[in-house]
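Please open the structure in your viewer and keep the selection tool at hand, as this tour goes from one stop to the next and says what to select at each.

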Amino acid sequence: MLATASLCQSHSLGNQNSSRSMLAHSLSHRWKASGGFVPRGQGFPSGPGTEASRIMWYVSTRGMAPRVDFEGALFSGYAPDGGLYMPEKLPQLDRDTLRQWSVASYPSLVKELCSLFIGPELIPRDDLNDLIDRAFSRFRHKEVVHLSRLRNGLNVLELWHGVTYAFKDLSLCCAAQFLQYFLEKRKKHITVVVGTSGDTGSAAIESVQGAENVDIIVLLPKGRCTKIQELQMTTVLRENVHVFGVEGNSDELDEPIKAVFADVAFVKEHSLMSLNSINWSRVLVQMAHHFFAYFRCAPTLDLHPLPPVEVVVPSGGAGSLAAGFIAQKMGLPIHLVVAVNSNDIIHRTVQRGDFSLSEAVKPTLASAMDIQVPYNMERIFWLLSGSDSQVTRALMEQFERTRGVSLPKELHSKWIACGPVFGSPG
């Protein structure tokens, strides 16, 4: 486990404009005790006629919706059955692939990951490269993401070099480029609906403002965002940007949004979609954070098994956590530590199997982390259950009915066996 000072540092970094950072350092001396993941499988082939050239399908975590391709998952947000889309099969990365990727820049890693999960039949590789280059063209740092090295093997992954200074600029600018690509190709218009606790709204607005084929509606909780984030959202004078202040906290405003997306006919009639982190494209790009952190921090890739790296992720909606879990499942040997504030449902879930709401959301300096319903936990439950949609559906439906559920003993044990450590500074 990280020293308390390290967890506190991670937490305080998350308070600055909610531009959450990741901390990473080598854990090679604790590998045997950590229970971390090692690469497995034979790698993911990439030649013509191999699995990489076939369509990547996405299924709902609740198993009651038809499978879709990447375009379908991108434009859906929630699946029609209320679940979240996940790849039907995760590619496995062998040592040679990891070695090749280890010298890649951050944008190059995003390109490699997206090529695995999108496929050339939907976006040809040259087009994909251009879209991602365009997405990162306005970042202030030449590397887009930069790793700062501190003392004693501790490092800070700087994810705040985007236009709004939030880490969500990274995934949302890419998601917006994917949207534009398909909309222009299909000659269609879409309305994006976003509920925000702060940083999602401003980053989403920045990614699509001025686009002719996209309107965006942002709902922000009045008085619960930082002043900077509120101004970033309310001072954009573009015809396609519509911002509304609402009463209540971010969890409460998510409920009507989810109800709207459950009405499939209404969504289709009005061409609605969500860019919250329920959207698979967001999680996909955030996987690159973990790969980049690993490659910059691992002492060598010549050891067997590969040395682990511990990654600390300040978390609210658990999108980056889900991305880290998926990276582990693909063969990246990282060990996840999640820092939360006093809204500690993730901490309680792992420590005691208690996935339940507190009496109220507690406002903190890290307003983007003031979340009681971390919706990406559903993706993690699905992964831990071995892609068992029946178990996941029963768990989430009970949670939605009763606002609290105890994880089945077997599921909780699997999570503990994975080796993540959770810290709650608040």
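Begin with the largest pocket, which has a volume of about 630 Å³. To find it, select G72, F75, S76, V267 and L272, which are the closest to its centre of the 23 residues that line it. A word on terms: on a 1 Å grid over the protein atoms alone, a cavity is a set of points where a 1.4 Å probe fits but cannot get out, whereas a pocket is an open set with protein on both sides within 12 Å along at least five of seven lines, and lining residues have an atom within 4 Å of a point. Grid points are joined across faces, edges and corners, and a volume is the space filled by probe spheres set on the points.

This is a predicted model, in which local features need pLDDT of at least 70 and side-chain atom pairs count only at pLDDT 80 or more, while totals for chains, interfaces and linings use all residues. Residues are numbered from 1 along each chain as its sequence is written, and side-chain values use heavy atoms, with hydrogens and water left out.

Next, colour α3 (70-76), α7 (168-186) and α11 (264-270), the elements that give two or more residues to the lining of the largest pocket; here helices (H or I, at least four residues) and strands (E, at least two) are DSSP runs, numbered from the N terminus. The largest share of this lining, four residues, comes from α3. By class, the lining of the largest pocket has 14 nonpolar, four polar and five charged residues, where Ala, Val, Leu, Ile, Met, Phe, Trp, Tyr, Cys and Pro count as nonpolar, Asp, Glu, Lys and Arg as charged, and the others, Gly among them, as polar.

Then select Y78, D254, I257, S274, N276, I278 and Y375, which line the second largest cavity, where about 50 Å³ of space lies.

**The sheet**

Now show the four strands that form an open sheet in the order β8-β7-β6-β9, with parallel pairing; two strands pair if DSSP finds at least two bridges between them. Strands β8 (241-246) and β9 (272-274) stand at the edges, each with a single partner strand, so one side of each is left without a neighbour in the sheet. Within the sheet, six bridges join β6 (residues 190-195) to β7 (residues 214-221), and if you select V193 you will find that its bridge partner in β7 is I217.

**A hairpin**

Move to β4 (residues 146-149) and β5 (residues 155-158), which run antiparallel and are joined by four bridges. H146 stands opposite E158 in β5, and the two strands form a hairpin with five residues between them, where N152 in the turn has a positive phi of about 55 degrees.

**Two crossing helices**

Select α15 (residues 377-384) and α17 (residues 409-418), whose axes come within 10 Å and cross at roughly 95 degrees; axes are lines fitted to C-alpha atoms, for helices over the stretch in contact, and angles run from 0 to 180 degrees between N-to-C directions. The two helices are therefore roughly perpendicular to each other, as angles under 35 degrees count as roughly parallel, over 145 as roughly antiparallel, 65 to 115 as roughly perpendicular and the rest as oblique. M377, I380, F381 and L384 in α15 meet L411, K414, W415 and C418 in α17, where contact means heavy atoms within 4.5 Å.

**Two backbone details**

Most residues other than glycine have a negative phi, and most peptide bonds are trans. With that in mind, select V144, which has a positive phi of about 70 degrees although it is not a glycine, and which lies in the loop between α6 (125-135) and β4. Last, select H304 and P305, which are joined by a cis peptide bond with omega of about 0 degrees; P305 is found in the loop between α12 and β10 (309-314).
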